[in-house]
Amino acid sequence: MFWRLGGRVFTVACLVLGLGMVAGPATAADDPPITSNWGDFGIGTLGWQALPGTNYWTVLPVGIPEDPDDYMFKFQCLIDQNNYDQACLASQPICSAGKNGHPVLWYTSPKRTNPRVWTFFTGPTCIYDEKPKDALDLIAENIQKKFEESPIVAASVVSQPGPNTLLGAHTNFYATAAEQSFDVEMFGQKVHITATPVEYTWSYGDGVVVGPSPYAGGSLTQDRWGEPTNTSHQYGATGDFAATVTTHFRGTYSVNGGPRLPVANQGHFASAPLPVSVWRSVVKNYEDDCIVNPAGAGC
Amino acid sequence: MPVYKPASASGPAENVPVPVKPALADEFSKAGLEAFATYWYATLSYGFETGDMSPMEAVTDPSCTTCSKVKAGITPWHQEGRWTIGGQMTVNSVQSNFVETPDGTFQAIASVSQGQLDYVRADKSVAQSLAKTPPISDIIVAKFIEGKWLALTVEHLAGK
């Protein structure tokens, strides 16, 4: 991002100098293009996953890795069980958006670090309930269902060509799905749910099902129709078919502005079926000249 | 004895001490790899502070792409009178299971944070100010070659 910004600014500077203006004091135009920190520089191209059954991490060839971190929270000012140090609470944010609000701090640790080493992540944020611990547990238990019931808009599907295509031709399909987020209330807490499309299962209507795969496919310009793609399909029979794609969404949720926690299982949302008519093409060659003989075969 | 002076709004850091690799960081053991990982971040920190990546490069394989990205960003900035303020790396935790992977490497997992980092121009104007990062989970993939650890990859666990 910074690189692109820097590049654009640099181009402008060249124009200005080209017009014969005198360079002034140091400005953004003279800056080297990349300024960032380890947070950005350290992003690799690979997704690491704790490989089950081993003691090491491995890179994923496809797909989206799970969250590599675990999270926990601690109540601020908690003396024991249900007693809070009131003087300490006075210096904390006021958690009055619901009943029995308590400030908490969130901590994070890389998964599989054993013993866990928790480092401060964010906070203080608020948790509300008679027994706030229970509220978070209840949300964790119910978030899967809530996520799957969210009004997530499934992908829209397009075929190229469409709706009519030819037997044996590489018919290109692509899906368009967007990240979506929802604000809901669960057990008195404000919960922000985000659904990110990560994988697709293609069902072409003729019994062929492909996926889940990370491929959403993409639009081809008309001169390239008929080329095989990651998501194209060749129908082996003529007829009318209904192609669908099921989009697999990964969910995260955040309670009262706390960290984004993963929803354990993906949500699956099927798109509306796309009608596809598969036709046979027959080529016949005629040698009549239709101008000379307008009644000839094929004229 | 030159005195270390951290960078400030009025000038770059002076006499930044070059990180010293502890003997433990050359040991072929769990504790050795963990000490090596900690040392690696000290060289990264030194790089951000001075623009000099040579201590990091001395213990890192050239194939480490995130490492080249840091160098491409930081080294040119530290030229022509520009400097940076802050950006020190803190290692919150580092742990290795000390298990050899199928390709003969060893891994350590670190949680690190970087302090506020300001990019300052020669005329003392601030080009960019980046806030302290939250804890970042990194993987350090290293190989033990000729009595020393060599970092092959250091990057965030959550990739692109």
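# Rings, bridges and an interface

The structure holds 22 aromatic pairs over all chains. This is a predicted model.

Visitor: Let's begin with the rings. How is the aromatic pair of A:Trp38 and B:Trp40 classed?

Guide: Happy to start there. A pair of aromatic rings is described by the distance of the centres and the angle of the planes. For A:Trp38 and B:Trp40 the centres are 5.9 Å apart and the planes stand at 55°. Planes under 30 degrees apart would count as stacked and planes over 60 as edge-to-face, so the class left for this angle is tilted.

Visitor: Why does the pair of A:Trp38 and B:Trp40 join two chains?

Guide: Look at where each residue sits. A:Trp38 belongs to helix H2 of chain A, while B:Trp40 belongs to helix H1 of chain B, residues 30-50, so the pair joins two chains. Both A:Trp38 and B:Trp40 are buried. The elements joined are H2 of chain A and H1 of chain B.

Visitor: Now the interface. What area is buried between chain A and chain B?

Guide: The size of an interface is often given as the accessible area lost when the parts come together. Here 37 residues of chain A are in contact with 50 residues of chain B. Carbon and sulfur atoms give 61% of the buried area, which comes to about 3700 Å².

Visitor: Which residues of chain A lose the most area to chain B?

Guide: Three residues stand out on that side. Together they account for 23% of what the side of chain A buries. They are A:Trp38, A:Phe41 and A:Trp48.

Visitor: Which residues form the salt bridge across the interface of chain A and chain B?

Guide: The rule finds one salt bridge across this interface.

Visitor: Which element gives the largest share of the side of chain A that touches chain B?

Guide: Helix H2 (38-41), strand S1 (47-50), strand S6 (101-110) and strand S7 (119-128) of chain A each supply at least two residues of that side. By class, the side has 19 nonpolar, 14 polar and four charged residues. The largest share is four residues, and it comes from H2(A).

Visitor: How many residues apart are A:Arg116 and A:Asp70?

Guide: Their side chains meet in a salt bridge at 2.3 Å, N to O. A:Arg116 is partly exposed with a relative accessible area of 34%, and A:Asp70 is partly exposed at 21%. The pair links distant parts of the chain: A:Arg116 is in the loop between S6 and S7 of chain A, A:Asp70 is in strand S3, and they are 46 residues apart.

Visitor: Is B:Glu34 buried or exposed?

Guide: B:Glu34 forms a salt bridge with B:Lys30 (2.8 Å, N to O). Both lie in helix H1 of chain B, four residues apart, about one turn of the helix. B:Lys30 is partly exposed at 39% relative accessibility. B:Glu34 has a relative accessible area of 15%, so it is buried.

Visitor: Which helices hold B:Glu57 and B:Lys71?

Guide: These side chains meet in a salt bridge too, at 2.9 Å, N to O. The two residues are 14 apart in sequence, so the pair ties together separate parts of chain B. B:Glu57 lies in H2 (residues 54-57) and B:Lys71 in H3 (residues 65-77).

Visitor: Which side chain makes a polar contact with the side chain of A:Ser277?

Guide: A:Ser277 lies in strand S17 of chain A, residues 274-279. With a relative accessible area of 16%, A:Ser277 is buried. Beyond its neighbours within four places in sequence, its contacts include A:Pro163, A:Asn164 and A:Gly239. The polar contact, at 2.5 Å, is with A:Asp240.

Definitions and conventions
Residues are numbered from 1 along each chain as its sequence is written. Chains are lettered from A and ligands numbered from 1 in the order in which they are written. This is a predicted model: local features need pLDDT of at least 70, side-chain atom pairs count only at pLDDT 80 or more; totals for chains, interfaces and linings use all residues. Side-chain values use heavy atoms; hydrogens and water are left out. Contact means heavy atoms within 4.5 Å. Buried area is the accessible area (1.4 Å probe) that two parts lose on being put together, summed over both. A salt bridge is a side-chain nitrogen of Lys or Arg within 4 Å of a carboxyl oxygen of Asp or Glu. Ala, Val, Leu, Ile, Met, Phe, Trp, Tyr, Cys and Pro count as nonpolar, Asp, Glu, Lys and Arg as charged, and the others, Gly among them, as polar. Rings of Phe, Tyr and Trp (its six-membered ring) pair if their centres lie within 6.5 Å; planes under 30 degrees apart count as stacked, over 60 as edge-to-face and the rest as tilted. Buried means under 20% relative accessible area, exposed over 50%, partly exposed in between (1.4 Å probe, protein chains only). A polar contact is a pair of N or O atoms within 3.5 Å; within protein, one must be able to donate a hydrogen and the other to accept it, and residues adjacent in sequence count only if both atoms are side-chain atoms.
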